[in-house]
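Trainee: I'd like to walk through this one with you. Can we put it on the screen and go piece by piece?

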Amino acid sequence: MNIEYSKHWIKKQQNKRKDITNDMIEFAIENSEILKDKYWKNTLNAISMIPHSGRTLKVVYKRKNQKVFIITAYWLD
């Protein structure tokens, strides 16, 4: 999966712990239903429980051709 990151996501990763990895983001996108975002047009959500941590991850992203553009990702619990 070809992933691009938003400026927001890059800045967030620099300032906080890096507890959300690329593998977790890919797992959430691949193993969740395609959900449309409530507020932003043309934006999708992926909500999935990550197996080893047992936590639920939400990823907000857009699909552009063969690329996935990550806007943000965060833990729901």
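Trainee: Where is the place of threonine 43?

Mentor: Before that, note that this is a predicted model, where local features need pLDDT of at least 70, side-chain atom pairs count only at pLDDT 80 or more, and totals for chains, interfaces and linings use all residues. Residues are numbered from 1 along each chain as its sequence is written, and side-chain values use heavy atoms, with hydrogens and water left out. Strands here are DSSP runs (E, at least two residues; helices are H or I, at least four), numbered from the N terminus. With that naming, threonine 43 sits in the loop between β2 and β3.

Trainee: Is threonine 43 buried or exposed?

Mentor: Buried means under 20% relative accessible area, exposed over 50%, and partly exposed in between (1.4 Å probe, protein chains only). Leaving aside neighbours within four places in sequence, threonine 43 is in contact (heavy atoms within 4.5 Å) with residues including Leu35, Val60 and Ile71. Its relative accessibility is 2%, so threonine 43 counts as buried.

Trainee: In what order do the 5 strands form the open sheet?

Mentor: Two strands pair if DSSP finds at least two bridges between them. β1 (residues 2–5) and β5 (residues 67–75) run parallel with 4 bridges, while β4 (residues 56–64) and β5 run antiparallel with 8 bridges. β2 and β3 run antiparallel too, joined by 2 bridges. The pairing is mixed, and the order is β1-β5-β4-β3-β2.

Trainee: Which strands stand at the edges?

Mentor: Look for strands with a single partner, because one side of each is then left without a neighbour in the sheet. Those strands are β1 and β2.

Trainee: At about what angle to β4 does helix α2 run?

Mentor: Axes are lines fitted to C-alpha atoms, for helices over the stretch in contact, and angles run from 0 to 180 degrees between N-to-C directions. On that basis α1 lies across β1 and β5, at about 45° to β5. Helix α2 (residues 22–30) lies across β1, β3, β4 and β5, and its angle to β4 is about 75°.

Trainee: How many salt bridges does a search of the whole structure find?

Mentor: The criterion is a side-chain nitrogen of Lys or Arg within 4 Å of a carboxyl oxygen of Asp or Glu. Glutamate 4 and lysine 67 meet that way at 3.2 Å, N to O; this pair links strand β1 to strand β5, 63 residues apart. Aspartate 77 and arginine 55 meet at 3.7 Å, linking the segment after β5 to the loop between β3 (44–49) and β4. The search finds 2.

Trainee: Which residues make the nonpolar surface patch of about 310 Å²?

Mentor: Patch members have over 30% relative accessible area and no salt bridge; nonpolar side chains (Val, Leu, Ile, Met, Phe, Trp, Tyr) are joined within 5 Å, like charges within 9 Å. Areas come from the Shrake-Rupley method with a 1.4 Å probe, and for residues only the protein chains shown count as cover. Leucine 35, in strand β2 (residues 35–36), is partly exposed at 32%. The patch is made by Leu35, Ile47, Tyr74 and Leu76.
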